[in-house]
Amino acid sequence: MINYKISLCTVCMNRTMHLKKTLLQNIMDNREYPQVEFVLLDYGSRDDLYPWARKELSSFINDGKLVYWRTTAPRHFHMSHSKNMVFRLATGDILCNIDADNFTGAGFAAYVNEMFNREPGIFLSPVGIGPGKKWWDVQGRICLRREDFLQFRGYDEKVLEYGYEDQDLKHRMITGGRRKMLIKPEPFLHAICHDDDIRIADGLAARKTKDMFIACADKASEIIYLQENNIAERFYVRKDLLRQQVSNEDCMPKYLYNGKYEMADNEIRLFRKNGEAWMQLYICPDGQLQSSDNRRFHRIEAGPLRENLLLQRAIYLGRKIFDLNKKSIHPVNPEGFGRGEVSKNFSEDIILTDC
């Protein structure tokens, strides 16, 4: 049996509270496998990741078990780009994504090695989401050969936020003749449970959101989503979200339209992409909006409803790119992937990643 070099790769942006619980445990749980490499990418984290890593991880770095990479450029979390970057920095024959909230389980690296020795032309992926969102938090786990990562052009960086970047990569590999093998043993499928708001907290949508409003109806509700740089979106969701219990499915957008907006005095004017007038809204004294056809738009304050809408919007947009890639309409990452400037193991020297 070949002992492949296995790279267990983790990206962290402001998730150090999870990493403190998982990473050291993962290192201990895989210490028996001789050819394991832990790769940690600090993706512009603004919490205490850097001082914690310098204090707690130096011994593993000195022993050659872990490599700490850092980039300070990202202003928001770009899931696809960050995963491509950490895979580019890894040196293993087999590359595995391990989210910051994931426990590998004891002996995971040896299990991965055994699977890739036993079955040619495969990649590993977890079992599907079970009842009550069981295994939801390990769906980002994927293990593939380095040459397949390069051949299939990594995660599609057109997916800017949370959702479908891994399903898209897996589908392209299957279409290209690779076989998906499921990670079934329960010990390899554990993660820290957390609220959905953390999934999008540092994403592009959370950073660019300026305001959000909702007009409710019995069967559907209309959302006005105002972003920085005068970008506007209108989309529809299934229920009267202000009066009924909300599920993730209810918050999935339908018929999402893009445009621009202008604010003047007590009005907000929406325009289509082509500049055509789209909608006129009046700002009421209580801060709500009134449309010219007398519909009332209520402001959606920060909280579970806004977070759920942004999460489902991100998944919706990722799914659209996934569907386009299934039709092979556009090439994936034609200009390269995983590019950026990084430093290694607390050095100040800058290294360029390029592909």
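Which residues line the largest cavity? The structure examined here is a predicted model, in which local features need pLDDT of at least 70, side-chain atom pairs count only at pLDDT 80 or more, and totals for chains, interfaces and linings use all residues. Residues are numbered from 1 along each chain as its sequence is written, and side-chain values use heavy atoms, with hydrogens and water left out.

A probe the size of a water molecule, rolled over the atoms, shows where empty space is left. On a 1 Å grid over the protein atoms alone, a cavity is a set of points where a 1.4 Å probe fits but cannot get out, while a pocket is an open set with protein on both sides within 12 Å along at least five of seven lines; lining residues have an atom within 4 Å of a point. Grid points are joined across faces, edges and corners, and a volume is the space filled by probe spheres set on the points. By these criteria the structure holds one cavity of 30 Å³ or more, and the largest cavity contains about 50 Å³ of space. Its lining is made by L8, T10, L19, T22, L23, N26, F38, I98, D99, A100, N102 and T104. Helices (H or I, at least four residues) and strands (E, at least two) are DSSP runs, numbered from the N terminus. Strand 1 (6–12) and helix 1 (16–29) each supply at least two residues of this lining, with helix 1 giving the most, four residues. Sorted by class, the lining has six nonpolar, five polar and one charged residues; here Ala, Val, Leu, Ile, Met, Phe, Trp, Tyr, Cys and Pro count as nonpolar, Asp, Glu, Lys and Arg as charged, and the others, Gly among them, as polar.

Turning to the open spaces, the second largest pocket has a volume of about 300 Å³. Its lining comprises 16 residues, and K158, L160, E161, R313 and L317 are those nearest its centre. Helix 9 (204–208), strand 13 (254–264) and helix 10 each supply at least two residues of the lining, and helix 10 gives the most, with six residues. This lining divides into eight nonpolar, two polar and six charged residues.

Helix 10 also takes part in a helix pair. Two packed helices are described by the angle between their axes and the distance between the axes. Helix 7 (residues 165–175) and helix 10 (residues 304–326) pack at an angle of about 10°, with their axes 9 Å apart. Helix 7 and helix 10 are therefore roughly parallel to each other. Axes are lines fitted to C-alpha atoms, for helices over the stretch in contact, and angles run from 0 to 180 degrees between N-to-C directions; angles under 35 degrees count as roughly parallel, over 145 as roughly antiparallel, 65 to 115 as roughly perpendicular and the rest as oblique. Q167, D168, H171 and R172 of helix 7 meet F322, N325 and K326 of helix 10, where contact means heavy atoms within 4.5 Å. The residues of this contact divide into one nonpolar, three polar and three charged.

Back in helix 1, how do individual residues sit? T16 belongs to helix 1 and is buried, with a relative accessible area of 0%; buried means under 20% relative accessible area, exposed over 50%, and partly exposed in between (1.4 Å probe, protein chains only). Leaving aside its neighbours within four places in sequence, T16 is in contact with S45, D47, D48, L49 and W52. M17 is likewise found in helix 1, but at 40% relative accessibility M17 counts as partly exposed. In helix 5 (residues 108–118), the buried residues are F108, A109, Y111, V112, N113, M115 and F116. These pack against strand 1, strand 2 (36–43), strand 4 (94–97), strand 6 (122–126), strand 7 (142–145) and strand 8 (179–183).

N113 is also touched by N3, together with Y33, P34 and Q35, not counting residues up to four places away in sequence. N3 lies in the segment before strand 1 and, at 43% relative accessibility, counts as partly exposed.

Most residues other than glycine have a negative phi. N230, in the loop between strand 11 (221–227) and strand 12 (231–237), has a positive phi near 60° and is partly exposed at 37% relative accessibility. D265, in the loop between strand 13 and strand 14 (267–272), has a positive phi near 55° and counts as exposed at 83% relative accessibility.
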